[in-house]
Amino acid sequence: MTPKERIFAALRREVPDRIPTFEWFIDTAVSRALCQSDDPIEVTERLDLDAVNIRPDYARKWNGDKTFRDEWGTERTLTGEVLPVVTKHPVSDVANQQYFFFPDPNAIQRFKTLEEAIEKFGDRRAIVLNLRDGFSDMRDLLGYENALMGMLLDKVNFTGLMKRVVDYNLALAEVAVRRYGIKIVATTDDVATGRGPIIRPSVYAEMIAPYFKEVVQGYKSLGLIVIKHSDGDIRPLLDYWLDAGIDCLDPIDPGGGLDMAEMKAKYGDRICLKGNMDCTGHLCDGTPEQVAEEVRVCIEKGGPGGLIVSSSNTIHSGVRPKNYRAMLDAIRKYGSGQWEQ
């Protein structure tokens with residue numbers, strides 16, 4: 001099988017020739033140590049990952065060498081970690097949301113990186129388009145406090161902005177499908193901590209779940225396979241996501257108390273499972289042998305079909321490069337198709 005074929009087999013809950021792997025993001029220091037590059041597309045090639053995660057491109061206006069403002073008007077600061085930190089939000093009050101203008105989804109530069117990935121990989125590796133399913137855009141536009149308070153105190157404008165967010169993400173997806181033939185979308189919207197959802201489930205059911213379902217069903221109407229990401233203990237919300245029609249859940253977070261064997265038994269006949277290598281554990285402070293054993297156990301619990309092995313979030317700066325290499329080697333050793341052994 002090609003790497004792309006492995007990804008599609010896993011997402012369809014079939015048994016591939018080898019269990020696939022890919023990451024949302026890999027820290028530049030880790031990637032440089034392993035393959036002398038910090039270009040995600042080149043890193044995917046050199047590490048022989050089965051897929052690459054691609055986000056839409058938004059122009060940046062820099063203020064110094066660490067802080068920039070993007071086309072949304074969101075200000076972000078580089079911290080040395082994989083993703084920059086949002087330091088200023090463009091919508092100060094949800095009541096003013098109707099005056100906020102979204103970037104053009106059809107802008108010629110919007111999918112420049114996606115075009116580069118397609119040119120590099122052709123039909124060999126899977127390309128995952130990383131969009132949103134609602135709350136993370138609300139968080140970035142309003143800030144956590146205003147987003148969480150807005151859904152309680154100004155439901156009309158909160159749902160008005162949420163609807164616009166849904167429509168915008170579907171517009172991006174439509175362009176990507178029509179222009180580039182994209183087949184997989186991932187929504188990396190975090191809504192939980194290790195102790196549970198950051199939104200009361202009853203409030204989530206009223207204010208978020210209907211729009212989550214709308215955007216997921218919209219993606220699926222375009223022919224897309226949908227991967228849903230959220231760290232933490234997401235179990236109180238999972239029924240809403242299953243009802244919406246997701247195809248894959250990531251990351252089966254051990255930090256949120258999720259056990260791969262339990263999740264496989266309960267949901268493995270309905271969705272693909274992605275994860276569950278603890279990116280705060282052996283990947284950071286263990287030995288390569290401990291990492292390899294964790295991979296073996298993950299595959300034993302979650303494989304052979306319907307499983308994509310990856311970290312429980314990202315390969316961040318605290319991950320030892322040799323341990324990530326050990327993880328990749330172990331996936332290929334224990335996930336190579338010799339299931340009876």
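Gln-36 counts as exposed, at 61% relative accessibility. Exposed means over 50% relative accessible area, buried under 20%, and partly exposed in between (1.4 Å probe, protein chains only). This is a predicted model: local features need pLDDT of at least 70, side-chain atom pairs count only at pLDDT 80 or more, and totals for chains, interfaces and linings use all residues. Residues are numbered from 1 along each chain as its sequence is written, and side-chain values use heavy atoms, with hydrogens and water left out.

**Backbone features**

- Gln-36 sits in the loop between α2 and α3 (40-46). Helices (H or I, at least four residues) and strands (E, at least two) are DSSP runs, numbered from the N terminus.
- The phi angle of Gln-36 is near 55°, a positive value in a residue other than glycine.
- Arg-13 also has a positive phi, near 65°, and is not a glycine. Its place is the loop between α1 (3-11) and α2 (28-35). Arg-13 is partly exposed, with a relative accessible area of 38%.
- A cis peptide bond, with omega near 0°, runs from Gly-275 to Asn-276. Asn-276 belongs to strand β12 (residues 272-277).
- Another cis bond, with omega near 0°, joins Gly-303 to Pro-304. Pro-304 lies in the loop between α13 (288-302) and β13 (307-311).

**Nonpolar cores**

- The largest nonpolar core has 93 residues. Such a core is a set of buried Ala, Val, Leu, Ile, Met, Phe, Trp, Tyr and Cys residues joined through side-chain atoms within 4.5 Å.
- Leu-47, Ile-208, Tyr-219, Trp-241, Leu-249 and Tyr-324 touch the most other members.
- Helix α7 (residues 155-180) supplies the largest share of this core, 12 residues.
- Another core, of 17 residues, lies apart from it; Ala-10, Trp-24, Phe-25 and Ile-184 are among its members.
- Beyond its neighbours within four places in sequence, Tyr-219 has contacts including Leu-131, Arg-132, Asn-169 and Val-226. Contact means heavy atoms within 4.5 Å.

**Aromatic pairs**

- The whole structure holds 12 aromatic pairs. Rings of Phe, Tyr and Trp (its six-membered ring) pair if their centres lie within 6.5 Å; planes under 30 degrees apart count as stacked, over 60 as edge-to-face and the rest as tilted.
- Phe-100 and Phe-102 are edge-to-face, because their ring centres are 5.4 Å apart and their planes stand at 70°. Both residues are buried.
- Phe-102 and Tyr-168 form a tilted pair, 5.4 Å centre to centre with 40° between the planes.
- Phe-102 is in the loop between β5 (85-88) and α4 (112-121) and Tyr-168 is in helix α7, so this pair ties together parts 66 residues apart in sequence.
- Tyr-168 counts as buried, at 6% relative accessibility.
- Ring pairs link Tyr-58, Trp-72, Phe-100, Phe-102 and Tyr-168 into a cluster.

**Cysteines**

- The structure has zero disulfides. A disulfide is a pair of cysteine sulfur atoms within 2.5 Å.
- For Cys-272, the nearest cysteine sulfur is that of Cys-248, 3.8 Å away. Cys-272 is buried, with a relative accessible area of 0%.
- For Cys-284, the nearest cysteine sulfur is that of Cys-279, 6.5 Å away. Cys-284 counts as buried at 17% relative accessibility.

**Helix α14**

- Arg-332 lies in helix α14 (residues 321-334).
- Arg-332 is buried yet has no salt bridge; the nearest side chain of opposite charge, Asp-48, is 4.6 Å away. A salt bridge is a side-chain nitrogen of Lys or Arg within 4 Å of a carboxyl oxygen of Asp or Glu. Lys and Arg count as positive, Asp and Glu as negative; His and the chain ends are not counted.
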